Amino acid sequence: MASSTSASSYRDCVSSLRTSLSFLESSVATLGHGVEDFPRLATVLKTVRHYELIPQPTLAAAESSLRDEIGPFIALLLDRADKQLERQQRRIETLKARADLNAGRLSHYPTDDEYARTKEAKHRHAAALKNKNAKAKTLDGGAALRAKVVHQRKEALKYSVERLELEVQQKERELRVRLEQRGA
């Protein structure tokens, strides 16, 4: 009987071992299915450190280094920008002055009606002078040509004088504006 009880106990042990083995195989299969996605889950659940705490002296040294490295470039760029702004401001002032000068020149030109009246008056004056000169003496061809040249020079000089007077007025205006800007 001892052998039959031991055989039956061995059978129970083997049966229990087989049951445990089937449970173990089932658990391994379940774990295998659960772990299949583990590499993807590892990357999904991986923690990323967004902020790293560093000591204040290290931070101050990094700031100083960065300031020393890019400071000269920033100063250079700011100087360039200031110079460009000054250049543009001078150009604007020059264009304004030129516009004022041209406006002054245009204001001295007569309108069509005034031009017609002036031309008519000049024509009458020239006719009167012609009659006077014809009565006084008749100019020969060379003298008439010289008189015409002298008259043209006189007109050119009048125009030059007017132009220079306008330029002087413009310079005076510019000087007044600059003095007002410095005084303000």
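Predicted model: local features only at pLDDT ≥ 70, side-chain atom pairs only at ≥ 80, totals over all residues.
Local features need pLDDT of at least 70 and side-chain atom pairs count only at pLDDT 80 or more, while totals for chains, interfaces and linings use all residues. Residues are numbered from 1 along each chain as its sequence is written, and side-chain values use heavy atoms, with hydrogens and water left out.

**Fold**
- The chain has five helices and zero strands, in the order α-α-α-α-α; helices are DSSP runs of H or I with at least four residues, strands are E runs of at least two, and both are numbered from the N terminus.
- UniProt, in an unreviewed entry, places a "coiled-coil region" at residues 154-181; such annotations may be inferred rather than shown by experiment.
- Residues 154-181 are 100% helix and 0% strand, and their end C-alpha atoms lie 41 Å apart.

**Burial**
- Of 184 residues, 3% count as buried (under 20% relative accessible area; exposed is over 50%, partly exposed in between; 1.4 Å probe, protein chains only).
- L66, in helix α3 (residues 56-108), is partly exposed because its relative accessible area is 47%.

**Pocket**
- The second largest pocket has a volume of about 420 Å³, taken as the space filled by probe spheres set on grid points joined across faces, edges and corners.
- A pocket is an open set of points on a 1 Å grid over the protein atoms alone, where a 1.4 Å probe fits, with protein on both sides within 12 Å along at least five of seven lines; lining residues have an atom within 4 Å of a point.
- This pocket is lined by 17 residues, with E93, T94, A97, Q170 and E174 nearest its centre.
- Helix α3 supplies the largest share of the lining, nine residues; α3 and α5 (141-183) each supply at least two.
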